[in-house]
Amino acid sequence: MPRIDNDIKLDFKDVLLRPKRSTLKSRAEVDLVREFSFRNGKQSYVGVPIIASNMDTVGTFEMAQSLAKHKVLTAIHKHYTVDDWKEFARTNKDLMPYVSISSGTSKEDFAKLQEVVGHIPEIKFICLDIANGYSEHFVEHVKCVRESFPDHVIMAGNVVTHEMVEELLLAGADIIKVGIGPGSVCTTRKKAGVGYPQLSAVIECADAAHGLGGHIISDGGCTCPGDVAKAFGGGADFVMLGGMLAGHDQSGGETIERAGRKYKLFYGMSSATAMMKHAGGVSEYRASEGKTVEVPYKGDVEGTILDILGGIRSACTYTGASKLKELSKRTTFIRVTQQTNEIFAQWNKSD
């Protein structure tokens, strides 16, 4: 028989952070750098725990070059060739602490992963990414990758519940990607009816991961810097961003000009656009589960990443957290019915 979970589940839009007494005099006093040691991989990470998504319109080499200046990670999309990787690494050895190689679960994906990491041992992050992280096949693949790469940090997902977080950590993953359906160009919730409100997923999965010495990434659902702060407040160790980093000079995607305005193409990796580009089309046994949109051209990503980091610092000052790692301990969420006053929204072109 079907069952209904009547416990309230919340998204970022359903809450605000409650302000608390603070001794901080300025946002400049907030330390956003975190240091992590990982459960299974024999590595550590020191940096700002934001990750550019491994979508081919976001996770580019150019994005990595820009974000690494701020100690921000980029999960490089999996469609670069081995030669592309070798050329990038040849001139960007210093960026390797801030990039992750991405891979799927096919034999071809695994062979390519072995070849790239064999040529570039400085890579220490591996992102194993499939839409549905609940399959037994995926768990077995994580075990296989861990056996082949005992020292690397393995990100794996996506899932949204505590039991699968635990299973993937025990299989050898270090950081679990959390999120099914919250992305701006994801249509899984419409096509499959499957998903989980992102904030509640983060809270549940963070609790499970931290109990085993693991970590999580909140992947999807952020529309503004405040949402990033809420994800960290909910217990996320890392936050992965797609749409917020789309449309820039460093983003992939075709540039389009219409009526004197420029746009860049942004699409989900399960969209018909992505599958046509990388697999020759949508297989007859499946449906497209992603949108293709035209994002207004935003110029250099530098301004956007500074805006995001500034918003997180502001959240920390409002809650009295001098370090990002303290934010979740200082967080009380207030349930709300409205986020912002929208009376002048149609005239506001700056935010």
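User: Which residue in strand 8 stands opposite Val-159?
Analyst: The model is predicted, so local features need a pLDDT of at least 70, side-chain atom pairs count only at 80 or more, and totals for chains, interfaces and linings use all residues. Residues are numbered from 1 along each chain as its sequence is written, and side-chain values use heavy atoms, with hydrogens and water left out. Strand 8 comprises residues 175-178, and the residue there that stands opposite Val-159 is Val-178.

User: How many bridges join strand 7 to strand 8?
Analyst: Strand 7 spans residues 153-159 and runs parallel to strand 8. Strands are DSSP runs (E, at least two residues) numbered from the N terminus, and two of them pair if DSSP finds at least two bridges between them. For strand 7 and strand 8, the number of bridges is four.

User: Are the residues on the two faces of strand 8 buried or exposed?
Analyst: Ile-175 and Lys-177 lie on one side of strand 8, and Ile-176 and Val-178 lie on the other. The classes rest on relative accessible area with a 1.4 Å probe and protein chains only (buried under 20%, exposed over 50%, partly exposed in between). Both faces of strand 8 are covered, and these four residues are all buried.

User: Which residue in strand 9 stands opposite Lys-177?
Analyst: Strand 8 is joined to strand 9 (residues 215-219) by four bridges, and the two strands run parallel. Lys-177 is a buried residue of strand 8. In strand 9, the residue opposite Lys-177 is Ile-217.

User: What distance separates the C-alpha atoms of Glu-302 and Val-72?
Analyst: Along the chain, Glu-302 and Val-72 are 230 residues apart. In the model, the separation of their C-alpha atoms is 12 Å.
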